[in-house]
Amino acid sequence: MWTTSQLKAHPNKMKKKIFTEFVFSGSHDTKIRIWDGNTFECKCELEGHDFTIWSLLIHSNGKLYSGSADGSLREWNVCTANGGAFGPSRVLFRMPSDMKIYCLAAYGSSILSSHYKVINITDIRDATVATTIQAHNDSIWSIKVKDHFLYSCSDDQTLKVNLSR
């Protein structure tokens, strides 16, 4: 049997949510909210983006990454032990203001982010964009890495598969 609980997360539409011990949500209000996954109580709000948060990702390094319509990719210190401690963010990079970050994926020590027609691969150790892939002819809305394959879907009505060497 399923029980439903409802959270009033953001005043506008939510764009992305992640479920772990904590629930992370991002929205048009430019804030990331962190909820206790058991009590559904809002533990804190993270601020730093200037426009809509389109994508959230928990990396295997335990950090939270967020991509926004302001063109920035941010890294947040998120410690979920002992009730949670949530630190400030660092901007890994910022695209020009018309280049929104729509989605994120992780691959080893890299974060992949889609910006309109391209995918940037950012090394999170030194915050450098290591590679840019000219992937599609229109907005990329979904990226996924599995094994050594990068899958991307776009408004250009294509699914593309790239192989990492």
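Visitor: Starting with terms: buried is under 20% relative accessible area, exposed is over 50%, and partly exposed is in between. Where does Trp-141 fall?

Guide: Trp-141 has a relative accessible area of 37%, so it counts as partly exposed. Keep in mind that this is a predicted model.

Visitor: OK. What does Trp-141 pair with?

Guide: Trp-141 forms an aromatic pair with Trp-54, with 5.5 Å from centre to centre and 65° between the planes, which makes the pair edge-to-face. Trp-54 sits in strand 5 and Trp-141 in strand 13, so the pair ties together parts that are 87 residues apart in sequence.

Visitor: How many aromatic pairs does the structure hold?

Guide: There are 4 aromatic pairs in the structure. One of them joins Trp-54 and Tyr-102: the ring centres are 5.6 Å apart and the planes meet at 75°, so that pair is edge-to-face. Trp-54, Tyr-102 and Trp-141 together make up one aromatic cluster.

Visitor: And Tyr-102, buried or exposed?

Guide: Tyr-102 has 12% relative accessibility, so it counts as buried.

Visitor: Zooming out, what's the secondary structure of the chain?

Guide: The chain has 15 strands and 0 helices. It runs to 165 residues, and 45% of them count as buried. The accessible surface is about 9,200 Å², with 50% of that belonging to carbon and sulfur atoms. As for contacts with a separation of 6 or more, 33% of them are between residues 24 or more positions apart.

Visitor: How many residues of strand 2 are buried?

Guide: In strand 2 (residues 22-27), 6 of the 6 residues are buried, so the strand is largely enclosed by the rest of the structure. In a regular strand, side chains alternate between the two faces of the sheet. Here Phe-22, Phe-24 and Gly-26 point one way, while Val-23, Ser-25 and Ser-27 point the other way, and all are buried.

Visitor: Which way does strand 2 pair with strand 3?

Guide: Strand 2 and strand 3 (residues 31-36) are antiparallel, with 5 bridges. Val-23 stands opposite Trp-35. Their hairpin has 3 residues between the strands, and Thr-30 in it has a positive phi near 70°.

Visitor: There's an Arg in strand 3, Arg-33. Buried or exposed?

Guide: Arg-33 counts as buried, at 9% relative accessibility. The side chains of Arg-33 and Asp-29 are joined by a polar contact of 2.7 Å.

Visitor: Changing topic: which strands form the open sheet?

Guide: That sheet has 4 strands in the order 9-10-11-12, with antiparallel pairing. Strand 9 (104-107) and strand 12 are at the edges with a single partner strand each, so one side of each has no neighbour in the sheet. From one strand to the next, the twist averages 25°.

Visitor: How many bridges join strand 10 to strand 11?

Guide: Strand 10 (residues 110-115) and strand 11 (residues 118-123) run antiparallel and share 6 bridges. Ser-113 is opposite Asn-120 in strand 11.

Visitor: Last one: where is Ser-139?

Guide: Ser-139 is in the loop between strand 12 (128-134) and strand 13 (140-146). With a relative accessible area of 7%, Ser-139 is buried.

Visitor: What is Ser-139 in contact with?

Guide: Leaving aside neighbours within four places in sequence, Ser-139 is in contact with Tyr-102, Tyr-116, Cys-153, Ser-154 and Asp-155. Tyr-102 is also a member of the aromatic cluster with Trp-54 and Trp-141. As for Gln-157, 18 residues along the chain from Ser-139, the two C-alpha atoms are separated by 9.9 Å.

Key
Residues are numbered from 1 along each chain as its sequence is written. This is a predicted model: local features need pLDDT of at least 70, side-chain atom pairs count only at pLDDT 80 or more; totals for chains, interfaces and linings use all residues. Side-chain values use heavy atoms; hydrogens and water are left out. Helices (H or I, at least four residues) and strands (E, at least two) are DSSP runs, numbered from the N terminus. Buried means under 20% relative accessible area, exposed over 50%, partly exposed in between (1.4 Å probe, protein chains only). Contact means heavy atoms within 4.5 Å. Accessible areas come from the Shrake-Rupley method with a 1.4 Å probe; for residues, only the protein chains shown count as cover. Two strands pair if DSSP finds at least two bridges between them. Axes are lines fitted to C-alpha atoms, for helices over the stretch in contact, and angles run from 0 to 180 degrees between N-to-C directions. Rings of Phe, Tyr and Trp (its six-membered ring) pair if their centres lie within 6.5 Å; planes under 30 degrees apart count as stacked, over 60 as edge-to-face and the rest as tilted. A polar contact is a pair of N or O atoms within 3.5 Å; within protein, one must be able to donate a hydrogen and the other to accept it, and residues adjacent in sequence count only if both atoms are side-chain atoms.
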